[in-house]
Amino acid sequence: MPIANCKRCNRIFNKGRRDICPQCVVEEDAAFRTVKAYLKDHRDATLGEVTTNTGVDVELLVDMIRNGRLLLRDNPNLTYPCERCGQPTHAGRYCPSCAAELASALSGAQEELVRKVKEAAHNDGYYSHGQ
Ligand SMILES: [Zn+2]
Ligand SMILES: [Zn+2]
């Protein structure tokens, strides 16, 4: 079993799927429940209000939002900076404009890949008839 230093508290622990130790997992779960309950009652809360009133670390809170665990559909005022441009956003790692830009860059790369695969298939004399 590989051991690692917990990303949050730096304690050494047996590394499983998470990069934080079991105790921090428990603490994070508690923080998650606290934040969720708070947001349900305070739909207009901002990031600052949530961290102040729940005592949850701002990094932890943003982490939960960025990795998609905490959804902010009902909390329009709760925003945090986009990882790419720093504009306020409230879902995922990037703001909508960066997400769109990255998606179009990605689909460009994907088209290139599809073209190459088709070329290769053509060269092999193989044609797919689909399902
Ligand atoms: Zn820990
Ligand atoms: Zn952005």
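Which residues are the protein donors of the zinc ion (ligand 1)? Point 1 takes this up, after a word on conventions. This is a predicted model, in which local features need pLDDT of at least 70 and side-chain atom pairs count only at pLDDT 80 or more, while totals for chains, interfaces and linings use all residues. Residues are numbered from 1 along each chain as its sequence is written, chains are lettered from A and ligands numbered from 1 in the order in which they are written, and side-chain values use heavy atoms, with hydrogens and water left out.

1. **Zinc ion (ligand 1).** The protein donors here are Cys6, Cys9, Cys21 and Cys24, each through SG, lying 2.3 Å from the zinc ion. Donors are N, O and S atoms within 2.8 Å of the metal (3.2 Å for Na, K and Ca); water is not among the atoms, so sites may look incomplete. Along the sequence, the donor residues follow the spacing C-x2-C-x11-C-x2-C. The four donor atoms make angles of 106 to 116 degrees, and the site is tetrahedral (four donors with all angles between 85 and 135 degrees). Cys21 and Cys24 are both buried; buried means under 20% relative accessible area, exposed over 50% and partly exposed in between, with a 1.4 Å probe and protein chains only.

2. **Asn10.** Please look at the backbone here: Asn10 is not a glycine, yet its phi is positive, at about 70 degrees. Asn10 sits in the loop between β1 (3-5) and β2 (12-14). Helices (H or I, at least four residues) and strands (E, at least two) are DSSP runs, numbered from the N terminus. With a relative accessibility of 54%, Asn10 counts as exposed.

3. **Zinc ion (ligand 2).** For this ion the protein donors are the SG atoms of Cys82, Cys85, Cys95 and Cys98, at 2.3 to 2.4 Å. Their spacing in sequence is C-x2-C-x9-C-x2-C. The site is tetrahedral, with angles of 105 to 116 degrees among the four donor atoms. Cys95 and Cys98 are buried.

4. **Tyr94.** This residue belongs to the loop between β4 (88-89) and α4. Setting aside neighbours within four places in sequence, Tyr94 is in contact with Cys82, Glu83, Arg84, Thr89, Ala99 and Leu102, where contact means heavy atoms within 4.5 Å. Tyr94 is partly exposed, at 26% relative accessible area. Tyr94 and Arg66 are 28 residues apart in sequence, with 8.5 Å between their C-alpha atoms.

5. **Helix α3.** Within α3 (residues 58-66), the buried residues include Leu60, Leu61, Val62, Met64 and Ile65. The buried residues of α3 pack against α1 (22-41), α2 (47-54) and β3 (80-81). Glu59, also in α3, is exposed at 56% relative accessible area. Just after the helix, Gly68 has a positive phi of about 85 degrees.

6. **α1 against α3.** How are these two helices oriented to each other? They pack at an angle of about 80 degrees, with axes 11 Å apart, and are therefore roughly perpendicular (65 to 115 degrees; under 35 is roughly parallel, over 145 roughly antiparallel and the rest oblique). The axes are lines fitted to C-alpha atoms over the stretch in contact, and angles run from 0 to 180 degrees between N-to-C directions. On the α1 side, Glu28, Ala31, Phe32 and Val35 meet Leu60, Leu61 and Met64 of α3. These contact residues divide into six nonpolar, no polar and one charged. Ala, Val, Leu, Ile, Met, Phe, Trp, Tyr, Cys and Pro count as nonpolar, Asp, Glu, Lys and Arg as charged, and the others, Gly among them, as polar.

7. **Thr51.** Helix α2 holds Thr51, which counts as buried at 18% relative accessibility. Not counting residues up to four places away in sequence, Thr51 touches Val56, Asp57, Val58 and Leu61.

8. **Helix α4.** Ala103 lies in α4 (residues 96-123) and is partly exposed, at 41% relative accessible area. The C-alpha atoms of Lys118 and Lys36 are 47 Å apart, with 82 residues separating the two along the chain.

Notes: Four donors count as tetrahedral if all angles lie between 85 and 135 degrees; four count as square planar and six as octahedral if opposite donors are over 155 degrees apart and all others between 65 and 115; anything else is irregular.
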